[in-house]
Amino acid sequence: MASANYRTSATNVHNQLLAAWPSEVWAHVGSDLERVELVQGQTLHEAGTALKYVYFPISAVVSLVSGMQDGGSAEVAVVGHEGVVGVCAFMDGAVALSGGEVQTAGHAWRMRAPVLANHVARHAAMALPLLRYTQALLVQLAQTAACNRHHSLHQQLCRWLLLHQDRHRCDEFLVTHERMSNLLGVRRETVTACALKLQKAGLIRYGRGRLAILGRRGLEGESCECYAVVRSAYDRLRCSHLAAPPVAVHRHADPCRTLPNVLSALRQPNALLALQA
Ligand SMILES: [Zn+2]
């Protein structure tokens with residue numbers, strides 16, 4: 001459900017990525033952001049379809065999912081207040097590469113995808129945080145693929161719980177075993193058995209579709225290295241937002257010189273390493 005536009009600024013958006021945009025940018029883009037309420041299970045877009053909106057979650061948590069021809073699907077990444085759903089919109093593509101499904105109801109900012117693409121083409125200061133975020137997202141996508149191939153479901157479930165808890169910013173959230181099995185791409189009975197094991201160990205509590213994390217340290221110990229790898233990528237992203245000096249925003253910047261220059265710089269050897277520094 002959409003609500004009226006709010007007067008927004010970098011200080012009250014409650015989304016880490018939007019907050020990284022310099023204040024000068026807000027004069028250009030703030031009025032194009034719309035605060036909306038997302039409901040659990042809502043499909044924001046399906047893979048292969050045109051992106052209508054890009055979403056910057058506030059309290060909502062969104063799963064990026066890949067579907068199969070037989071109807072099965074699996075979560076390939078999760079996005080919360082640290083990121084954006086619809087990176088293709090500013091990567092010169094208007095088609096979603098994965099589906100976007102709301103895992104936890106809440107609020108988000110949204111902007112029309114073509115509008116965001118136009119803004120990014122004109123303001124390099126907007127592009128850099130988005131590209132840095134995309135790099136962290138790629139780490140999550142790659143690590144999820146490797147994890148699904150090499151690690152046990154017990155380890156995968158621990159990773160999944162920790163990544164979701166980070167984005168919920170609380171110890172308790174709503175999720176059913178059915179939903180977890182769909183996101184992990186395994187049978188529900190298998191997820192239930194793993195969850196029971198974690199519950200007996202005192203690491204989680206589950207009942208009536210409500211899951212509570214009781215032992216975060218324990219889950220980190222039970223998880224494979226994949227959680228730490230992904231967490232580290234997002235920690236570097238957050239540090240880069242805090243450390244990055246404001247990028248000069250020229251009111252009449254040549255749109256042909258800003259984003260292409262940024263993309264050109266990223267193609268240089270070690271450019272991605274420099275972004276992580
Ligand atoms: Zn793993």
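Two residues count as being in contact here if their C-beta atoms, placed from the backbone, lie within 7 Å. Keep that in mind as we walk through this predicted model.

**Stop 1: Leu 130.** Select Leu 130 and look for its partners: leaving aside residues up to four places away in sequence, it touches Leu 17, Val 84, Phe 90 and Val 120.

**Stop 2: the core around it.** Now widen the view to the largest nonpolar core, which has 74 residues. Leu 130 is among the members that touch the most others, together with Val 54, Tyr 55 and Val 84. Next, highlight helix α4, residues 124-150: with twelve residues, this helix gives the most to the core.

Stop 3: Select β8 (172-174), β9 (204-207) and β10 (residues 210-213). These three strands make an open, antiparallel sheet in the order β8-β10-β9. At the edges are β8 and β9, each pairing on one side only. From one strand to the next, the twist averages 15 degrees. Zoom in on β9 and β10, which pair over four bridges; here you can find Arg 205 opposite Ala 212 in β10.

**Stop 4: confidence.** Finally, colour the chain by pLDDT. The mean is 84, and 83% of residues reach 70 or more. Residues 1-6 fall below 50, and this stretch has nine contacts beyond near neighbours in sequence. Residues 245-277 are also below 50, with 34 such contacts in the model.

Terms used: Residues numbered from 1 in each chain as written. Predicted model: local features only at pLDDT ≥ 70, side-chain atom pairs only at ≥ 80, totals over all residues. pLDDT = per-residue confidence, 0-100. Pairing = 2+ DSSP bridges. Helix = DSSP H or I, 4+ residues; strand = E, 2+ residues; numbered from the N terminus. Axes fitted to C-alpha atoms, helices over the stretch in contact; angles between N-to-C directions. Core = buried A, V, L, I, M, F, W, Y, C linked by C-beta atoms within 7 Å. Buried ≥ 20, exposed ≤ 12 C-beta atoms within 10 Å, placed from the backbone.
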